[in-house]
Structures are given as structure tokens and as C-alpha cells.
Amino acid sequence: MTTTSLRPPTPIPRRRGPLVFLGLAYLGMWVAMSPLLISGFRRADGRAGTGAPEQVCIALAMLAPALAAVLVIRYVEPAGRGRMREVLALRWPVPRGRAVRAGGVAVAVPVGLTVVALFIGEAAGVYVWGEPGRIGSGTWAAGMLTNMLVSLPLFFGEELGWQGYLFPRLAQDGRGTRLVLAYLATGVAFALWHLPTLLMGGQYPGRPWYVSVPAMLVSCTLALPVFTWLRLRSGSVIPAVLGHACVSTVSVSMVKECADPNLTLDPLHMGLFGWPGWIAMGGFVTFLAVTGRLRLPRPAPTRRVAGPGGGAG
């Protein structure tokens with residue numbers, strides 16, 4: 001694990017920056033989704049795709065957290081604006097030779113957790129596998145890789161906000177209760193940011209808001225530490241971006257591609273953001289917490305410089 005501290009490089013107001021960030025990120029999401037909300041768009045089928053208008057609105061919404069982070073650093077926390085990439089951890093994992101391995105872990109973990117969730121769903125009788133071999137086809141794998149890479153800039157738009165900006169501001173170099181609260185607060189903020197899409201059945205088609213909103217709170221609160229772990233172990237936000245992109249593209253597609261064609265897909269009972277996924281992610285997050293992998297790296301000790309007389313300067 002890198003020893004890079006998450007503490008912002010310059011003193012900042014503890015509350016003002018995060019509050020302004022959340023206001024801008026939420027405003028951007030609601031503005032981007034307003035055309036769909038006004039038109040009465042609703043997603044009622046788990047197998048239904050999204051059209052061009054929906055994709056444009058979603059893309060604009062996903063850029064809102066990054067834009068909010070940049071604006072806050074530039075105008076609310078101006079001391080850090082000259083070090084934007086450092087402040088947001090927008091750098092390759094260090095040492096650079098570990099970048100490929102970090103990227104591989106960022107993809108393998110969501111895929112593995114998805115497989116576990118599908119087997120849990122099968123054991124519970126809510127998921128039925130389709131014909132074996134479809135998911136292992138080269139065509140599917142190539143399509144998913146292309147889809148994930150094409151959409152990667154949009155996930156930078158999200159994770160530069162949540163992992164690059166908000167979580168480090170809330171966590172500082174805290175331990176114990178403060179760190180737990182930082183994980184919970186970032187996860188809740190991440191979940192509630194999705195409220196406009198939840199109202200339209202985006203993540204949980206056909207479900208009313210009083211079901212989808214609590215479900216999203218659980219899902220994001222469990223997924224957030226996984227993305228944070230990817231960021232902590234590499235000292236970079238890039239693996240968290242890859243992990244998020246994999247969850248939203250490859251994992252979602254796996255649920256559809258692996259399922260029996262006649263099975264009605266209900267995300268509340270399938271995949272990472274259904275209750276089987278909560279069990280899978282909960283177990284993994286528990287492992288990360290127990291083994292100390294969710295702790296923040298301790299800041300490097302300050303070296304004391306000897307004065308002219310040989311004492312500390």
C-alpha cells in the first residue's frame with residue numbers, strides 16, 4: 001500500500017468546501033436529468049436499454065461531481081488550485097510498475113463479487129442461469145471491454161468527485177469513528193446523488209422510490225469502501241474509476257447475459273446492487289476492514305533539520 005496521505009496539501013475550511021461541492025454536484029445531476037423528469041420517462045423493465053436522449057442526460061450528470069470538485073478547489077479552496085491533479089489523486093499508481101496490476105484488481109474484484117452474488121441468487125431460487133458458455137465468448141468480452149473503455153471518461157467524472165475530493169476531505173487523516181463516519185457519509189452522499197434516476201426507475205426498474213432509495217443507500221454504502229480500497233492501495237483515483245466502470249458496465253451485463261432468457265430480471269434480487277450483492281460486498285468489506293485494508297496510510301514523519309549548533313532547527 002502506498003504511504004501517500006489523503007490529507008489535503010493545504011489547510012482548508014472543514015465544512016465549507018464539502019458543502020459547496022455537494023450543492024454543485026447535486027444541482028448538476030438534477031439539471032442534467034430535468035429533461036427526462038419533465039417528459040415523464042420511466043424505466044420499468046430490467047432488460048430495457050436506454051435511448052440516445054437518456055444516454056446524453058446520463059453522461060452530463062456523471063460529469064457533475066468532477067466539475068463540482070474542480071470549481072470548489074479553484075474558487076473555494078484556492079490554495080490547492082495549482083496542484084489540481086495532486087489534490088484529486090489524478091495520477092498513475094505508484095510505483096508505476098504496479099499500474100497494470102492495480103487495474104487488473106480493479107476489474108477482477110467486481111467481476112468476482114458479481115459471480116458470487118449470482119450463485120447466492122441461484123441458491124435462493126431468485127436467479128436462473130442460462131446456457132453455459134455465452135458469457136465466456138470472445139465477442140461478449142471484447143464488447144464489454146470496448147464499452148468500459150469508451151465510458152471511462154464519464155466515470156472519471158464521478159470518482160474525481162467522490163474518491164478524489166469528498167472522501168479525503170471528510171476522512172482527513174482520521175482514525176476510528178471519524179474514518180467510519182467518512183465512509184458512511186460519502187456512501188450516503190453518493191447514493192442520494194442518484195435520486196433523480198431512482199425516481200425514474202433507473203437502477204431498480206418498476207420499483208417505487210420508497211423501495212429504490214433505501215436499496216441504493218445500502219448498495220452505495222457497501223460499494224464505496226471497495227472503491228476507496230482500490231484508491232488507497234494504489235495512491236491513485238484511477239483504479240477506483242476502473243472499478244466503478246466495471247460495476248456499471250461489465251457486472252450489469254453479466255447479470256443479463258448469464259440469465260435464462262425467460263427469467264424476469266429484477267435488480268433488487270440480482271447482481272451487485274441487489275440483496276445477493278449486498279451479502280457478497282458485505283463479506284468482502286468486512287474482510288477489508290478486519291485486515292486493516294480500509295485504514296488510511298499514516299502520514300510520513302516530518303524530518304527535523306539540525307541547526308548550526310547541532311540541535312534541532
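1. Start with the loop between α3 (84–87) and α4 (99–124): Ala89 is found there. Helices here are DSSP runs of H or I with at least four residues, numbered from the N terminus, and strands are E runs of at least two. Ala89 is not a glycine, yet its phi is positive, about 60°. Its relative accessibility is 0%, so Ala89 counts as buried. Buried means under 20% relative accessible area, exposed over 50%, partly exposed in between (1.4 Å probe, protein chains only).

2. A word on the basis. This is a predicted model: local features need pLDDT of at least 70, side-chain atom pairs count only at pLDDT 80 or more, and totals for chains, interfaces and linings use all residues. Residues are numbered from 1 along each chain as its sequence is written, and side-chain values use heavy atoms, with hydrogens and water left out.

3. Overall fold. The protein chain has ten helices and zero strands. Of its 313 residues, 47% count as buried. Take the contacts (heavy atoms within 4.5 Å) with a separation of 6 or more: residues 24 or more positions apart account for 79% of them.

4. The largest nonpolar core has 75 residues. Such a core is a set of buried Ala, Val, Leu, Ile, Met, Phe, Trp, Tyr and Cys residues joined through side-chain atoms within 4.5 Å. Phe21 and Tyr165 touch the most other members. Helix α8 (residues 209–234) gives the largest share of this core, twelve residues. A second, separate core has eight residues, including Leu118, Tyr127, Cys258 and Leu263.

5. Phe21 deserves a look. Leaving aside neighbours within four places in sequence, Phe21 contacts Pro65, Ala68, Ala69, Val72, Gly161, Trp162, Tyr165 and Leu166.

6. Helix α1 (residues 16–39) packs on helix α2 (residues 52–76) at about 160°, with the axes 8 Å apart. Axes are lines fitted to C-alpha atoms over the stretch in contact, and angles run from 0 to 180 degrees between N-to-C directions. The two helices are therefore roughly antiparallel, a label for angles over 145 degrees. The contact includes Phe21, Leu24 and Gly28 of α1, and Ala61, Ala68 and Val72 of α2. By class, the contact has 20 nonpolar, two polar and two charged residues. Nonpolar covers Ala, Val, Leu, Ile, Met, Phe, Trp, Tyr, Cys and Pro; charged covers Asp, Glu, Lys and Arg; the others, Gly among them, are polar.

7. Thr114 lies in helix α4. Thr114 is buried, at 0% relative accessible area. Not counting residues up to four places away in sequence, Thr114 touches Ser251, Met254 and Leu272.

Methods
Angles under 35 degrees count as roughly parallel, over 145 as roughly antiparallel, 65 to 115 as roughly perpendicular and the rest as oblique.
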